[in-house]
Amino acid sequence: MIIKNVNLETVCGITSTLPDNTLPEIAFAGKSNVGKSSLINAVMNRKSLARTSAQPGKTQTINFYNINDAFYLVDLPGYGYAKANEAVKAQWGKMIERYLRSSKKLRAVFLLIDIRHEPSANDKQMYQWILYQGYHPIIIATKMDKLNRSQISKAVKTVKQGLEAEKDAVVIPFSAQTKQGREEIYDLIDNLLAGEGAQAD
């Protein structure tokens, strides 16, 4: 995949109507400090289109990025931000759930988990939500550059076990610093879009 054009096309808040897109959608979900904006910038090959911040919980909207006029990369609100009050957290959860339930063009959900830690209760809940809506989450284990190479396969196993993931669940270790794992993400998206073309024929 070569990223030629990226355009932030739609931003949806808590009360917004979700767009009725005609292109396939690939969504990215993750805890508020998991490095989601850094990953999305790396995937889009842009330095700062998705806003990264020293203050987690910055993404409070659903952002639809049109990529190459071929698909939408959908940035879902970061969940589990400790300093947000319970009412706000509940609203973010409802936004994500509403999107997963109602999008007609959603083809896959990438779920980001920090490779250094066991999945949190929020991570497990999100994994189950995605499954419940009929999708098989693709797990991206972020911040792999923070571990020694010898620690990675054990950490991936811990992530899978912590989520009680499906046996054949895909886990991609990823580093926003080195871009390791980006090609695997591109390959998965290419395969999803190729399947889309086959459905249309």
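In the structure described here, D75 is buried, with a relative accessible area of 1%, where buried stands for under 20% relative accessible area, exposed for over 50%, and partly exposed for values in between (1.4 Å probe, protein chains only). The model is predicted, and local features therefore need a pLDDT of at least 70, side-chain atom pairs count only at pLDDT 80 or more, and totals for chains, interfaces and linings use all residues. Residues are numbered from 1 along each chain as its sequence is written, and side-chain values use heavy atoms, with hydrogens and water left out.

D75 forms a salt bridge with K36, the closest N and O atoms being 2.5 Å apart; a salt bridge is here a side-chain nitrogen of Lys or Arg within 4 Å of a carboxyl oxygen of Asp or Glu. Because K36 lies in helix α1 and D75 in strand β4 (residues 71–75), the pair ties together parts that are 39 residues apart in sequence. Helices (H or I, at least four residues) and strands (E, at least two) are DSSP runs, numbered from the N terminus. K36 is buried as well, with a relative accessible area of 5%.

The structure holds 3 salt bridges. Another of them joins D123 to K31, with the closest N and O atoms 3.9 Å apart; since D123 lies in helix α3 and K31 in the loop between β2 (25–30) and α1 (36–44), this pair ties together parts that are 92 residues apart in sequence. D123 counts as buried at 3% relative accessibility, whereas K31, at 22%, counts as partly exposed. A salt bridge is also formed between D114 and R116, whose closest N and O atoms are 2.8 Å apart; D114 counts as buried at 11% relative accessibility, and R116 as partly exposed at 37%.

The strands form an open sheet of 7 members in the order β1-β3-β4-β2-β5-β6-β7, with mixed pairing, two strands being paired if DSSP finds at least two bridges between them. At the edges stand β1 (6–12) and β7 (171–173), each with a single partner strand, so that one side of each is left without a neighbour in the sheet. Neighbouring strands of this sheet are turned by 25 degrees against each other on average, direction ignored; axes are lines fitted to C-alpha atoms, for helices over the stretch in contact, and angles run from 0 to 180 degrees between N-to-C directions. Strands β1 and β3 (residues 62–67) run antiparallel and are joined by 6 bridges, and N7 stands opposite N66 in β3.

Helix α3 lies across β2, β5 (106–114) and β6 (138–142), running at about 165 degrees to β5, while helix α4 (residues 152–163) packs on the sheet and touches β5, β6 and β7, its direction making about 140 degrees with that of β7; contact means heavy atoms within 4.5 Å.

Helix α3 (residues 121–132) has 12 residues and reaches 16 Å from its first C-alpha to its last, close to the 16 Å expected at 1.5 Å a residue, the expected span being 1.5 Å times one less than the number of residues. The buried residues of α3 are D123, M126, Y127, W129 and I130. These residues cover an arc of only 160 degrees around the axis, which puts them on the same side of α3, the arc being that of the directions from the helix axis to the C-beta atoms. On the other side of α3, A121 and Y132 are exposed. Just after α3, G134 takes a positive phi of about 95 degrees.
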